[in-house]
Structures are given as structure tokens and as C-alpha cells.
Amino acid sequence: MDDELEIKGPGYDPIADEFATYEDYLDNQITATDMFYLEDVELARHLVELGIRGNGEVIRREEFEQRKETAEQARQARLNKKPKKLASQGKAVEDLPLLQALKDREEAVRNGKLTTIIFIRDKNTKGQEVSGYIDFGHRLKSENMEPYFERRKRLMPRPTDLSFYNWETQMSTSNPTPNFQVIADNEAGLLFKSKRDRKALNVDPRAKPGDNSTRTELATHEYQQVV
């Protein structure tokens, strides 16, 4: 599943970019009606921060400051960025649908223009059926992916990925990544919420995946199921 981010570059954060201070962010959610009744901008800001006023989910001051810092670091990194060799570069994987799909997406994911979640269901080395959702961007940053494209390693979900389930032992885990928050108790089922644009990805095949998102199921002999 892919989520096309409406961003200006790697690490772009619309909230951090639009608002210079946390107070500006809160003020943006204060209406003229709020000020008419409250007559106190500090009180209005406090009510927005508590979620009593405003529109939608409100981030805390600590998260705002962290996002500002991250956005500035990303801006500096873009200024000093050197071309990085892709893990899939020069690898012939045309006969392997999953690796080819990841190769097609790798550059966009590395550049921050795209996020990709991989669903895999298959048997592990112990013969146990496992399934899980993998944040491709997080794996690219936390692991050397070249051995997968060289076919020396086989990509499989792990207990440390976004979501993991062992059908034999019934072991289940879920973990947030730098790109996604896991929402497992929603009435709509399992959701992954982007930490950049705050939009949710619905992995239910009977539902639409979400705004600017696409779901692609691959026909492959590599695994029992890949999405």
C-alpha cells in the first residue's frame, strides 16, 4: 500500500513549515466566535491545546517543537545531500514481483515523496505461517536492503515491524515507526496513521485505503500473499 505525500521535499512537514511558533499553531484554530465569548487569547489557546476548542486532533507543544527541529534538520540535510546509491540499483529482479515493485518505489521512498507499507503472509523458516505489515521506508533506513535485492536474504515480517502475527503461536505485536502510528482498536479495523500528513491508511481490502493512497495486490510465487 502506497501513500503519496503532498510535500515539498524530503522531511517536509506542513505544520512545522506553516507555523513559526506553537502559539501561531494554536491561534490558527481559534475562531472569531471563540474570542467573542472568551475575550482572552491565552484562555482560548489553552482550550485549543486541551482539545476543547479547535478543529481536529491537536498536537502537544513537545511534539510541535520536535517536528520543528526535525524539519530544520531535514532542511539542512537537503542542503548537504549527496546522491546515495540505491539498494536495488543494478539488480535484476524482473522475475520477482515483490522485489521489482520495491525497486520501482525505492527512490521515491528514500526521497520522502512516497511511503509504502508491505503486507506479507507466508511460512517462516520453522514452517509456521506468519503475516505482518512492514514500513518499507523504515526498513530502508534501519537495515541494509541490498542482500534482499541480491536474493541472499528473504524479506519477511518481524515482531519489530508495524504489525506481526504468528498464526501457530498466536503471537501478536504492533509497533509505531518514524512514519506511521498503529491504530488497532478502531471500529474500522487496523489503521496506520501517517505521522507527516496525519492521514490514515485502511488495510481492510473491502474498504478504500484512504486519501492519496493505493492498494496493489501482487500475483507472485514468492509468497502466499503480498499487498
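This is a predicted model: local features need pLDDT of at least 70, side-chain atom pairs count only at pLDDT 80 or more; totals for chains, interfaces and linings use all residues.
Contact here means heavy atoms within 4.5 Å.

Residues are numbered from 1 along each chain as its sequence is written, and side-chain values use heavy atoms, with hydrogens and water left out.

The residue is Glu 106, which sits in helix α6. Helices (H or I, at least four residues) and strands (E, at least two) are DSSP runs, numbered from the N terminus. Is Glu 106 buried or exposed? Glu 106 counts as buried because its relative accessible area is 0%. On the terms: buried means under 20% relative accessible area, exposed over 50%, and partly exposed in between, with a 1.4 Å probe and protein chains only.

What does Glu 106 touch, once residues up to four places away in sequence are set aside? Its contacts are Leu 86, Ala 87, Ser 88, Phe 136, Leu 140 and Phe 149. With Ser 88 there is also a polar contact between the side chains, at 2.5 Å. A polar contact is a pair of N or O atoms within 3.5 Å; within protein, one must be able to donate a hydrogen and the other to accept it, and residues adjacent in sequence count only if both atoms are side-chain atoms.

Now the helix itself. The expected span of a helix is 1.5 Å times one less than its number of residues. For the 14 residues of α6 that gives 20 Å, and the end C-alpha atoms are 20 Å apart, so the two agree. Besides Glu 106, the buried residues of α6 include Leu 98, Leu 102, Arg 105 and Val 109. After the helix comes Gly 112, with a positive phi near 85 degrees.

Next, the cores. A nonpolar core is a set of buried Ala, Val, Leu, Ile, Met, Phe, Trp, Tyr and Cys residues joined through side-chain atoms within 4.5 Å. The largest one has 22 residues, and those touching the most other members are Leu 98, Ile 118, Ile 120, Met 145 and Leu 155. Two or more residues each come from α6 (97–110), β2, β3, α7 (136–142) and α8 (146–149). The largest share is that of α6, with four residues. A second, separate core has ten residues, among them Ile 117, Tyr 133, Phe 192 and Leu 201.

Leaving aside neighbours within four places in sequence, Ile 118 contacts Leu 98, Leu 102, Gly 132, Tyr 133, Ile 134, Phe 136, Leu 155 and Val 227.

On to the strands. How much of β3 is buried? Six of the seven residues in β3 (residues 129–135) are.

Arg 198, between β7 (189–194) and β8 (200–202), has a positive phi near 65 degrees without being glycine, and is partly exposed at 24% relative accessibility. Asn 212, between β8 and β9 (213–214), has a positive phi near 60 degrees and is partly exposed at 33%. Ala 219, between β9 and β10 (225–226), is exposed at 75%; its C-alpha atom is 7.4 Å from that of Pro 97, 122 residues away along the chain. Ser 194, in strand β7, is buried at 2%, and its side chain makes a polar contact of 3.1 Å with the side chain of Asp 197.

Finally, the overall totals. The protein has eight helices and ten strands, and 41% of its 227 residues are buried. Of contacts between residues at least 6 apart in sequence, 55% join residues at least 24 apart.
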